[in-house]
Amino acid sequence: MLYRQPAVLLRYFGRADTFSTLIERRTFHIVALLLIPALPIFVQGQPADRAHTEALAQRATDRIQVLQKEADRLAAEERTLLGDLRKLEVDRQIKAEEFRQLVADAAEISEELAANRQRMQDLEQQEAISRPELKARFVDIYKMGQGRYLRLLLSTSNIRQVGQASRILSALAKIDADRVVTRQRTLAELKRTRAALEQRGRRLSTLKAEAERAQTAVERAAASRGALIRDIDSRRDLNAQLVGELQGAQQRLQAALRDLSAAAPSAEPATLPLRPFRGDLDWPVTGTLARPNRPAGASAANAIAIAAPEGSPVSAIHDGVVAFADTFGGFGNLVIVDHGAQSYSLYGDLLEMSVKKGVRVERGQVLGTLGPAPAGPPQLYFELRIDGQSADPLQWLKKR
C-alpha cells in the first residue's frame, strides 16, 4: 500500500526531473506523509520497564512544579499590573480634570481678550468722532500763537462776557487735557492688559498641550497594561490546561507503576504529552542557527536549520514513535517522530539513521548523525508540527 512504501509515495506524487524541483515539492510531500491515516502511531508489545516509567513520572512532577511556579509568577505579575492600572486610572482622571480646567481658563482668557479688543475699538471709534472737533480747536488755538487761551479771552468785545469766556476757556482747556491724558492712559492700560492676557494664553496653550500629551500617555499606558493583563490571563489559562494534561499523564504513569508492581504491565507504553514542555525541549543537535541552504519557499515557514559538524549526533527532542525513517525527496535521510496528539518533529539531511519506523524512542535518544545539506556546509533541517500545524521551533526549544 502507498502509506507503507515511501518510494511508491514519491512515484504517486510525481518524481521530479531535477533535484531542485524535487526540493520545491518537499512541503507538499511531508504534509501528505503526516496526514496518511494508516501510519502507525503507537506500537504494542513494548511495555515500559519500571525505571523508565518512574523517570517519566519524575519528569512530569518536575515540569508541573515549573509550570506552577510560572503560574505563581504570572499571578504576581498580574496583581502588579492591576495595581498599576488602578493608579493609571486615578492619574487619568486627574489629568482629565486638569485638562478641563485649562480649557475653561483658556475660554475665560479668550473672552477677556475679546472684551479688551472691543473696548479698544470703542475708544478708537470715539476718538474718530471727536477728532475733527478737537483738531479744529487745536488749529484755531495754534493760529493764535503764544498766549493761545489768553488771546482768545482778550478777543471778546463785551467786558461782561469776560468772566464767562474765562470759565468756558478754562473748562475747554481742562477737557482737552483730560481727554488726551485719559485716552493715552486708557490705551496704555489696554495694551498692558492685552499683552498680559496674550502671555497667559500662550502659557495656557503650552500647559494644555502638555496636559493633552500626558493624558494620551496615561491612556496608552493603561491600554498597554490592559493588553498585558489579557495576555497574562491567556497564558494562565494555557498554563492551567498544560498542568491538567501533565496531571492526567502523571495519573496514568502511577497506574502503570501499580500495574508493574502487580506484574500486569499495561498494553500501551507510558508517555508524556509534548505541549506542556513548550520552551523546555533540548536542541536536537549541538550547533548554531544558520540560513537554510535551500531555494526560497522550499521549506516550511517555521522550519529552522542548525549548523553543526558533519557526523554530529542528532537526538529526539521528546518521547515518541518513529513514524518515518527513510530517504525523502529534498530532505535526504529523514526521520519523523510522532509524539501523539498530531504533534511531530522532523529531522532532515541525516548522514545515517540509527532508528527504524515503528520504534519507540525516548527523549535524548540518538536518531542518527548529521550529514551534508543539499548545498553548503552540513545543516540539520528541523521542523515541528503541533496539533497538525507548523510551529516555530525556537518557541519550543530551550533558550540559549
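## The largest pocket

This is a predicted model, in which local features need pLDDT of at least 70 and side-chain atom pairs count only at pLDDT 80 or more, while totals for chains, interfaces and linings use all residues. The lining of the largest pocket divides into 6 nonpolar, 3 polar and 5 charged residues. Here Ala, Val, Leu, Ile, Met, Phe, Trp, Tyr, Cys and Pro count as nonpolar; Asp, Glu, Lys and Arg count as charged; the others, Gly among them, are polar. A pocket is an open set of points on a 1 Å grid over the protein atoms alone, where a 1.4 Å probe fits, with protein on both sides within 12 Å along at least five of seven lines; lining residues have an atom within 4 Å of a point.

The largest pocket holds about 360 Å³ of space. That volume is the space filled by probe spheres set on the points, with grid points joined across faces, edges and corners. Of the 14 lining residues, Arg-63, Leu-67, Glu-70, Arg-235 and Arg-278 are the closest to the centre. Helices α4 and α6 are the elements that give two or more residues to the lining. The most comes from α4, with 5 residues.

## Overall layout

The protein has 6 helices and 10 strands. These are DSSP runs numbered from the N terminus: helices are H or I with at least four residues, strands are E with at least two. Residues are numbered from 1 along each chain as its sequence is written, and side-chain values use heavy atoms, with hydrogens and water left out.

Of the 400 residues, 38% count as buried. Buried means under 20% relative accessible area, exposed means over 50%, and partly exposed lies in between (1.4 Å probe, protein chains only). Among contacts with a separation of 6 or more, 73% come from residues 24 or more positions apart. A contact means heavy atoms within 4.5 Å.

## Nonpolar cores

A nonpolar core is a set of buried Ala, Val, Leu, Ile, Met, Phe, Trp, Tyr and Cys residues joined through side-chain atoms within 4.5 Å. The largest has 37 residues; Val-335, Tyr-347, Leu-367, Leu-380 and Phe-382 touch the most other members. Elements supplying at least two residues each include helices α4 (50-143) and α6 (162-261), and strands β5 (332-338) and β9 (379-386). A second, separate core of 10 residues includes Phe-331, Leu-334, Tyr-344 and Leu-346.

Leu-367 has contacts beyond its neighbours within four places in sequence. Among them are Val-314, Val-335, Val-337, Tyr-347, Met-353 and Val-361.

## Strand β5 and its partners

Strand β5 is largely enclosed by the rest of the structure, because 6 of its 7 residues are buried. It pairs with β4 in the antiparallel sense over 7 bridges. Two strands pair if DSSP finds at least two bridges between them. Asp-326 has Leu-334 of β5 as its bridge partner. The β4-β5 hairpin has 3 residues between the strands, and Gly-330 in the turn has a positive phi of about 85°.

Strands β5 and β6 also run antiparallel, joined by 5 bridges. Asn-333 has Leu-350 of β6 as its bridge partner. This hairpin has 5 residues between the strands, with Gly-340 at a positive phi near 85°.

## Two residues in detail

Gln-379 lies in strand β9. Gln-379 is buried, at 5% relative accessible area. Gln-379 and Gly-348 are 31 residues apart in sequence and 8.7 Å apart in space, C-alpha to C-alpha.

Glu-108 lies in helix α4. Glu-108 counts as partly exposed, at 38% relative accessibility. Glu-108 and Gly-201 are 93 residues apart in sequence and 9.6 Å apart in space, C-alpha to C-alpha.
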